[in-house]
Amino acid sequence: MGKVFTWEVNDSTVEIKSNNQRLIVQVITDEIIRFLIPKWKADYKSVAIEGDVTVPTDFDVDETEEGIEIKTGQVTLKIMENFQFAFLDRYGDEILSSYQGKRVIKDNYSDKAIGFLESEGHDTHNLKKHEYAIQVLFNLRNEERFYGMGDKTGFLNKRGYAYENWNSDIPQIHHENMPALYKSIPFFIGKGAGYVYGMFFDNTFHSYLDFGKENNNYFFYGADNGNLDFYFMGGENIADVVEHYTYLTGRAPLPQLWTLGYHQCRWGYESAEDIRNVAKEMRGHGIPCESIQYDIDYMDGFRVFTWDEKEYGKPGELIAELEEDGFKAVCIIDPGVKVDDAYSIYSEGIKKDYFAHDKDGNVYTNEVWPGESVYPDFGRKEVRKWWAGNHKALTDIGMQGIWNDMNEPASFNGPLPLDVKFSVNDRLTNHEEAHNVYGHFMSQATYEGMKELTGKRPLVITRACYAGTQKYSAVWTGDNQSVWSHLQMLIPQLCNLGMSGFTIAGTDIGGFGGDTNPELLIRWIEASTFCTFYRNHCAKGQMNQEPWQFGETVLDIYRKYVKLHYRFLPYIYDLLFESQITGLPVMRPLVLHYEDDENTFNLNNEFLVGENMLVAPVLEQGATKRMVYLPVGTWVNYWTGQRFSGGVHIIVDAPIDMMPIFIKEGSIIPMYEEVQYVGEEPYDTLKLLIAGESAWGTHYQDNGEDFEYLEGEYNLYSFTYEDGKLDCDMLHEGYEKYTDIQWEKI
Ligand code: GLC
């Protein structure tokens, strides 16, 4: 073997050479191994992974008959001829290995045939199959399933589907076969009988993952450029893999408590009067609400960081007025800067050379909402700093949250050419490499600006992102539609986003495009009760979809669920605290905790909230009952108190005002009193919902606003309920405690 390979160990890396090819294996931890074939750059600095994440780890390197073995306490990587490889677990069982054969591309359509189909408007995307510049095939087992991949459409399990990573602005209906949406998170969890692993492909160029759609014997990864650079993650279970992945790419920081409350939005509130009226209706109808969000119309001619005084009054006035009634202000900021010499953001950016250039060195322009626009080069630190500082114009007038949109980046006048010059981590490169991280760098700039300017935990919401953006921003799933299939997709989409690190996520409640209807809107607000980004939003030109637009019944049910969301806020917040340590999301597919139970493998229509609640929304028009799968354990119906032994499918009643919710026996769920907005009354009473005769739970409490908790200003309670008695232990005491802790049994 010595003849074929030479190898050298250097701290955590093993550099292996064979026939002029180079492979760098890096032992990040005993369960995370990086595998890099630097076809492009050996010293690539990741966007997703910040700082040095390598933990000094003991490992052995041995030569064997077949090649080289690199062995940590948990994982063995075997490297064979032509850099074929296999990952084994600590028992020596193979988890994942490269596929030795070649791709079998069956349907190679001619350009003529494709042109023919396209003339009637057929989508021929999937017919244009080819080999990629970077390509690796993996053995695929019959029972193997795949989870993760961020916001990709379709079902929870990605087996049999193929996806692309190329951030795409898609206002058309999002259907299950769609290759790409707004986000690129090239991370997935592979799961089969007795094994689990994670794979993160850290390459920002246009890339492809085919999970056995092309062939049942292999799955493959391809990329148009860059390195073959992946991180293999082992673990005992899915939760371990999520923990490893979020260890690498970072975890969503704890948000301000109010940001988890309800938000109302519409593209089409065109004046201060519109916003004021919506705020008034909200309070008038007693629907808790934190913000009426400002979509693009608040700006002067869609110039970012400006204010339309004609329609919205003096900057700051409306915000201050609504603040008196408990409303916070959150506004949209797009990346496109209007070409206009009289506009300071544009002229300053030009003067300082902050915008992207075309291949000939001219400032590149395309069209977005403001008309002809330029694109800040967010991959440069200096540009991010400038952009961050521009938010002062907004925080000065009271803005408390920023919603970043159109940052794929979107363009109305054809796609940006791949050779437009952008930077990535201060290295000048082109759009081909920078496209998928444009939204990431914009969110980072926004986060850093808002943190510096307000001293609070920033609320940033972004549409486009890359792996790791969860450190800076919450996400929503973009322009969905008011159709039942989009309501159904909410569960797999948010669960997969959650397993991909995005613990703070939501959809446009009611649907963005198309007209909603009363039943759909009700089922949507019900299904979103445990969403961490909780906003009703809809497009210009669509029917109004605020909760009071459809009569008393809709309003009553809507209010009931928004109030329920507020009652469960401390449970949601606890899970976000826990997520700082584990990376686990709030909304979890059942397979995450019951991964050996085959009933959970493809369960798309119910989910867990943490480990202790199970939620089964009604997702079909007209349905008033539904089948629910309860996994092992005893589950208590939240509404009726009825107990069920799990491991069974049951039929439950679910009339229009009832979304089935179950609490796991043995748990203690923290709850708050109803309020109209967070901060209306101090949360000085905690209510505990105790399920069963013997129960346990922890609860986290802090000021819900700033970073003092990092200095120890928080409380961590541990509750035990036994023999009719509740005991409380303080695991950490560093903040003003509740004046009253009440409990009730279910
Ligand atoms: C995009 C966004 C949408 C927003 C609209 C106008 O379509 O996805 O949420 O309302 O632009 O800003």
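F187 and Y245 are both buried, where buried stands for a relative accessible area under 20%, exposed for over 50% and partly exposed for anything in between, computed with a 1.4 Å probe on protein chains only. The model is a predicted one, in which local features need pLDDT of at least 70, side-chain atom pairs count only at pLDDT 80 or more, and totals for chains, interfaces and linings use all residues. Residues are numbered from 1 along each chain as its sequence is written, and side-chain values rest on heavy atoms, with hydrogens and water left out.

Across the whole structure, a search returns 68 aromatic pairs; rings of Phe, Tyr and Trp (its six-membered ring) pair if their centres lie within 6.5 Å, and planes under 30 degrees apart count as stacked, over 60 as edge-to-face and the rest as tilted. The ring centres of F187 and Y245 are 3.8 Å apart and their planes stand at 10°, so this pair is stacked. It links distant parts of the chain, 58 residues apart, with F187 in strand β14 (residues 187-192) and Y245 in helix α2 (residues 238-249). Helices (H or I, at least four residues) and strands (E, at least two) are DSSP runs, numbered from the N terminus. For Y298 and W307, a centre distance of 5.6 Å and planes at 55° apply, so that pair is tilted. Y298 is buried with a relative accessible area of 0%, and W307 is buried with 9%.

Charged side chains also meet rings. R283 lies over the face of F327, 3.9 Å from the ring centre, and K41 lies over the face of W40 at 5.1 Å from the ring centre. The criterion places NZ of Lys or CZ of Arg within 6 Å of the ring centre and within 35 degrees of the ring normal.

Turning to the strands, β21 (residues 329-333) is mostly covered, as five of its five residues are buried. A329, C331 and I333 are buried on one side, and V330 and I332 on the other. Five bridges join β21 to strand β25 (residues 399-404) in the parallel sense, with N404 as the bridge partner of I333. Strands are taken to pair if DSSP finds at least two bridges between them.

Polar side-chain atoms of D295 and D479 lie 2.5 Å and 2.4 Å, respectively, from an oxygen atom of the ligand. An N or O atom in the side chain of D405 is 3.0 Å from a ligand oxygen atom.

Four strands form one of them in the order β10-β17-β16-β12, with antiparallel pairing. Its edge strands, β10 (134-139) and β12 (162-165), each pair on one side only, and the twist averages 15° from one strand to the next. Six bridges connect β10 with β17 (residues 218-223), and V136 stands opposite Y221 in β17. An open sheet of three strands has the order β42-β43-β47 and mixed pairing.

Definitions and conventions:
Polar contact = N/O pair within 3.5 Å; in protein donor to acceptor, adjacent residues only side chain to side chain. Axes fitted to C-alpha atoms, helices over the stretch in contact; angles between N-to-C directions.
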